[in-house]
Amino acid sequence: MKTALDTERRSAYLHVPFCAHRCGYCDFTLVARRDDLIDVYLEALAIDLAKLEHPREVDTLFFGGGTPTHLPAPQLERLMLLSRRWFAPSPGAEICVEANPAGLDDTKVAILADAGVNRVSLGVQSFDASVLELLERDHRGPEIPAVVERVRRRIPNLGLDLIFGVPGQSIDLWKATLTAAIALEPTHLSTYGLTFEKGTAFQSRLNKGLLDRCDEEAERQMYALVMDELPRAGFEQYELSNFARPGFRCRHNEVYWAGTPFFGFGPGAARYAAGRRELNHRSVTTWINRVLAGQSPIAESEELSPEGRARELIMLNLRRCEGLALAEFREQTGFDFHGLAGDALSRHLRQGLLEEREGHIRLTREGRFLADTVFAEYV
């Protein structure tokens, strides 16, 4: 069944799977200390992008990782030229690159800016030496202001990523982190609670008793602090983990939360169109070898039923602070939210986890603390 969600793809994600090292909490698709693969990766990416047959105009283009800015300057420039060959930014398009403070010099910033990049998401995570050491980050707090200024001279739209709920991190230390981040005057802040993902070094250390989780109540207080302090500093919370100054939301991420189609290229990249979700092989070498051999890089694909698409859209929209627009949802999917929600909705309304106002269903402040529990009943 064709629905209003079946629009033309006008967003693209390119995955760049290289890092100087893998942090202990990271489960992203990447390889560390394998810079020998960068040139062959770019060769494979060029071949895969050529399947588009002709350039596509996009409203958002996002380079994620890994660490895209880990690429040496010549290869970073090659990546930028390659992307612009196949993806033509529309007037006012958002072109965003994820970056880490380490190694982000003037030359690389100039390459990004000259290629039209107009947004950078900087993986700061913390300003505290002990937290950065535990997270196995390769930069130090005192370096961050200089990096921020270096980027902002050419690319003013700069967001910072932060992590809370780190073992040993106190409420006061987290508040100091927020204060330091706000003082740098970014346009955007993303704050994520630390998770122990399957297969990561952190999970292994947790299982062996070498690492302890942050106290659950302390982590709750840290998230509450975020929701209090950032709006006071002029940031609007527009999604569970994301805060922006007016006019500076991450437009690419909003494409995901709106359930609209997007392109995805590179190892581990996902793409979505017309109810079909595809995921590339996560192994970087497998992805490279398959593309170079003329084989499909896709590892998984799923055709969602109309109801499956509708239920997924519920979860995606509830992540946004505006919540789910009931009339728009019905128009997009052909389903009535109340009919799909069943008894869960009345229970969540009664428990104060959801609210229904002005034609929207949204998480309450209390509901944001228990978002995953709420989502599970609608998917």
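Glu355 stands opposite Arg362 in strand β17. This pairing belongs to a predicted model, in which local features need pLDDT of at least 70 and side-chain atom pairs count only at pLDDT 80 or more, while totals for chains, interfaces and linings use all residues. Residues are numbered from 1 along each chain as its sequence is written, and side-chain values use heavy atoms, with hydrogens and water left out. Helices (H or I, at least four residues) and strands (E, at least two) are DSSP runs, numbered from the N terminus. Two strands pair if DSSP finds at least two bridges between them.

**Around β17**

- Strand β16 (residues 354-357) runs antiparallel to β17, and four bridges join them.
- β16 and β17 form a hairpin with two residues between them. Glu358, in the turn, has a positive phi of about 50°.
- β17 (residues 360-363) also pairs with β15 (residues 324-325), in the antiparallel sense and over two bridges. There, Ala325 stands opposite His360.

**The nine-stranded sheet**

- Nine strands make an open sheet with mixed pairing, in the order β9-β10-β8-β7-β6-β5-β4-β1-β11.
- Its edge strands, β9 (236-239) and β11 (263-265), each pair on one side only.
- From one strand to the next, the twist averages 20°.
- Within the sheet, β6 (residues 119-125) and β7 (residues 158-164) pair in the parallel sense over four bridges. Leu122 stands opposite Leu160 in β7.

**Helices on the sheet**

- Helix α6 (residues 171-183) lies across β7 and β8 (188-193), and runs at about 175° to β7. Axes are lines fitted to C-alpha atoms, for helices over the stretch in contact, and angles run from 0 to 180 degrees between N-to-C directions.
- Helix α8 (residues 216-232) packs on the sheet and touches β7, β8, β9 and β10 (242-244). The direction of α8 makes about 170° with that of β8.
- In helix α5 (residues 144-152), the residues Ile144, Val147, Val148 and Val151 are buried. Buried means under 20% relative accessible area, exposed over 50%, and partly exposed in between (1.4 Å probe, protein chains only).
- Seen down the axis of α5, its buried residues fall within an arc of 100°, so they line one face of the helix. The arc is that of the directions from the helix axis to the C-beta atoms.
- These buried residues of α5 pack against α3 (106-114), β6 and β7.

**Nonpolar cores**

- A nonpolar core is a set of buried Ala, Val, Leu, Ile, Met, Phe, Trp, Tyr and Cys residues joined through side-chain atoms within 4.5 Å.
- The largest one has 88 residues, and Leu79, Met80, Phe87 and Phe337 have the most contacts inside it. Helix α8 supplies the largest share of this core, seven residues.
- Cys23, Leu30, Phe196 and Phe202 are among the 14 residues of a second, separate core.
- Leaving aside neighbours within four places in sequence, Phe337 is in contact (heavy atoms within 4.5 Å) with residues including Ile314, Leu324, Ile361 and Tyr378.

**Arg9**

- Arg9 is in the segment before β1 (11-16).
- With a relative accessible area of 25%, Arg9 is partly exposed.
- Leaving aside neighbours within four places in sequence, Arg9 is in contact with residues including Glu57, Phe263 and Tyr272.
- Arg9 and Thr364 are 355 residues apart along the chain, and their C-alpha atoms are separated by 32 Å.
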